[in-house]
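Please open the model in a viewer and keep the sequence at hand.

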Amino acid sequence: MRGSDLLGLPVVDVSGAVLGPLRDLRIDGDERDGRLTVRWLVVGGREWAHRFGYIDGRTRGPWLLERLLRGSSDSAVAVAASAVAQWGPDQVLLSEPAGAAAVPVETAARTW
Amino acid sequence: MSPDHRSTRSLRLDLLDQQVLDGTERPVGRVDEIELEAGQDGTLAVTGFRLGGAALGRRVGGAVGHAMTGTCRRLADDEASPLLPIESLKDWSPRLTLHRALSELPEVAGLERWLGKHVVSRIPGGGDARV
């Protein structure tokens, strides 16, 4: 499957509740052993906040833009890839309830 | 449930649209698409990436994307943008670098090759534009 096809798909928990659109995937691995694996899903939050890098804190300022877009990180959550039961084609389905699978994106970002 | 606490990279900020260099450090394009595959255990892994206007056009979509794909197909027979397997990648941090030189990868950069051969090499001083 194509990465761009996954981005934007709704992420749905085991009860059918929608967490939000898939905004990003965090990838881990070593190209030397030919294995790059998805570890985290980043779900929800404003599209532009992700696109400009405000969600994971890599972008700072200008203060007005940061204030407008960083607020979006409050609604973004991270979900461990191990909690995914099905990747696409119409949704990303989790095997757990949202309360168990999702953590605040700022908490997860400390390990990124 | 927690993944290993190692450094990870963002698909959309660290891979998509990033510059790709060949084995001689020559720029060959940008990552226009990432291919992923789910394993038996449900793990999703990157299997490769695509460079080229056809892949970018499909990603962009709409009339603009359709025009990009059509241009690539007409000028360079670059219909699908070939898949470069993940094994062809030597390094992905901080830049994506391939093992091989562009001259050893005839399926890559079709539109750029066409432009180099038919346009840039005909401009005075552009004689070395062919790959």
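Which residues line the second largest cavity? Select A:Leu36, B:Leu15, B:Val31, B:Ile34, B:Val46, B:Phe49, B:Ile86, B:Leu89 and B:Leu96. A cavity is a set of points on a 1 Å grid over the protein atoms alone where a 1.4 Å probe fits but cannot get out, and lining residues have an atom within 4 Å of a point. This cavity has a volume of about 40 Å³, and its lining comprises nine nonpolar residues, no polar and no charged.

The model is predicted: local features need pLDDT of at least 70 and side-chain atom pairs count only at pLDDT 80 or more, while totals for chains, interfaces and linings use all residues. Residues are numbered from 1 along each chain as its sequence is written, chains are lettered from A in the order in which they are written, and side-chain values use heavy atoms, with hydrogens and water left out.

Next, select the lining of the largest cavity, including A:Asp24, A:His50, A:Trp112, B:Arg12 and B:Leu13. The volume here is about 80 Å³, and the lining divides into six nonpolar, two polar and four charged residues.

The rule (a side-chain nitrogen of Lys or Arg within 4 Å of a carboxyl oxygen of Asp or Glu) finds three salt bridges across the interface of chain A and chain B.

Finally, display both chains: 36 residues of chain A are in contact (heavy atoms within 4.5 Å) with 34 residues of chain B.

Note on methods: 1 Å grid on protein atoms, 1.4 Å probe; cavity = no way out; pocket = protein on both sides within 12 Å on 5 of 7 lines; lining within 4 Å. Points joined across faces, edges and corners; volume = space filled by probe spheres on them. Nonpolar A, V, L, I, M, F, W, Y, C, P; charged D, E, K, R; others polar.
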